[in-house]
Amino acid sequence: MSQTSPAEPARRSRSATSGARKNSRGETTRQLILTAAERLFAERGISAVPLRDIGLAAGQRNHTAVRYHFGERDEVVRAIMEFRGAQSEAIRIGMVADLSLAGSPAIRDVVSAFVRPLAIHIQPDNHYLAFLSLYITEEGGYEGLAGVNAGASVVTLRALLGRLVPQIPAAVLDERWWLTLTSAVHALARYHSAQRKHTKPPGTVDPLIDDMVAYLSAGLSAPVSAPDGP
């Protein structure tokens, strides 16, 4: 019958503690890299930033730190999307649940449920809106984000919108919905940039967001243009 040395549990305990500390340091490093990458991407453009610069901005002496923690540039981009998207999604889920329980939500409610959780990123140390705006511009849309787990509730909003405007053909409504999402991102990025540069936008941010929601909502239900020709 084997016996366990009294010192063995202590060694195991120290090993577990050491592993926890390493994991904690690893997560801290990952977060530093994400924050630095988001800022540099927002300032220079996503394709213009070498991974080495991201590591240096994150305080990493090892030039391969970014590749070690994330791999290629696309994975860094996706990680930023998931991290920031999860922050918005946490708020949006509650708003979508309220809309689902409401007897007759309006188009404006649907648009608001997308825009307002995105507007939480208008914060001093947050560069997500500028980053996302540049991503859309560089990539021509969101197609490269397939599989990113950051906004399932947006799909629910689109489905709800379809029930509110059944007179709009699905293909037309799809394009209008993407236009709504893209316009909201670019506008919010512009508002945030104006704040950073201490320039005064035409009013405070909250009224601007209110008016943006109203404007985009009207476009979703606008009459469909007749095709040209016979």
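Start by selecting Asp53: at 23% relative accessibility, this residue counts as partly exposed (the label covers everything between buried, under 20% relative accessible area, and exposed, over 50%, with a 1.4 Å probe and protein chains only). The term needs a side-chain nitrogen of Lys or Arg within 4 Å of a carboxyl oxygen of Asp or Glu. Arg44 is partly exposed too, with a relative accessible area of 43%.

A word on what you have loaded: this is a predicted model, where local features need pLDDT of at least 70 and side-chain atom pairs count only at pLDDT 80 or more, while totals for chains, interfaces and linings use all residues. Residues are numbered from 1 along each chain as its sequence is written, and side-chain values use heavy atoms, with hydrogens and water left out.

Searching the whole structure turns up 7 salt bridges, so let's pick out others. Select Glu89 and Arg92: their closest N and O atoms are 3.7 Å apart. Both sit in helix α4 (residues 73-101), 3 residues apart, about one turn of the helix. (Helices are DSSP runs of H or I with at least four residues, numbered from the N terminus.) Glu89 and Arg92 are both buried.

Next, jump to Arg116 and Asp210, a salt bridge with its closest N and O atoms 2.7 Å apart. Arg116 belongs to helix α5 (residues 107-119) and Asp210 to helix α9 (residues 205-220), so this pair ties together parts 94 residues apart in sequence. Relative accessible area is 31% for Arg116, making it partly exposed, and Asp210 is partly exposed at 32%.

Now show helix α6, residues 128-139: its 12 residues reach 16 Å from first C-alpha to last, close to the 16 Å expected (1.5 Å times one less than the number of residues). Its buried residues include Tyr128, Phe131 and Ile136. Just after α6, click Gly140, which takes a positive phi of about 75°.

Last stop, the rings. The whole structure holds 3 aromatic pairs (Phe, Tyr or Trp rings, the six-membered one for Trp, with centres within 6.5 Å; stacked under 30 degrees between planes, edge-to-face over 60, tilted for the rest). Select Phe41 and Phe131: a stacked pair, 6.0 Å centre to centre with 25° between the planes. Phe41 lies in helix α1 (residues 7-44) and Phe131 in α6, so the pair ties together parts 90 residues apart in sequence. Phe41, Tyr128 and Phe131 make up one aromatic cluster.

Notes
Helices (H or I, at least four residues) and strands (E, at least two) are DSSP runs, numbered from the N terminus.
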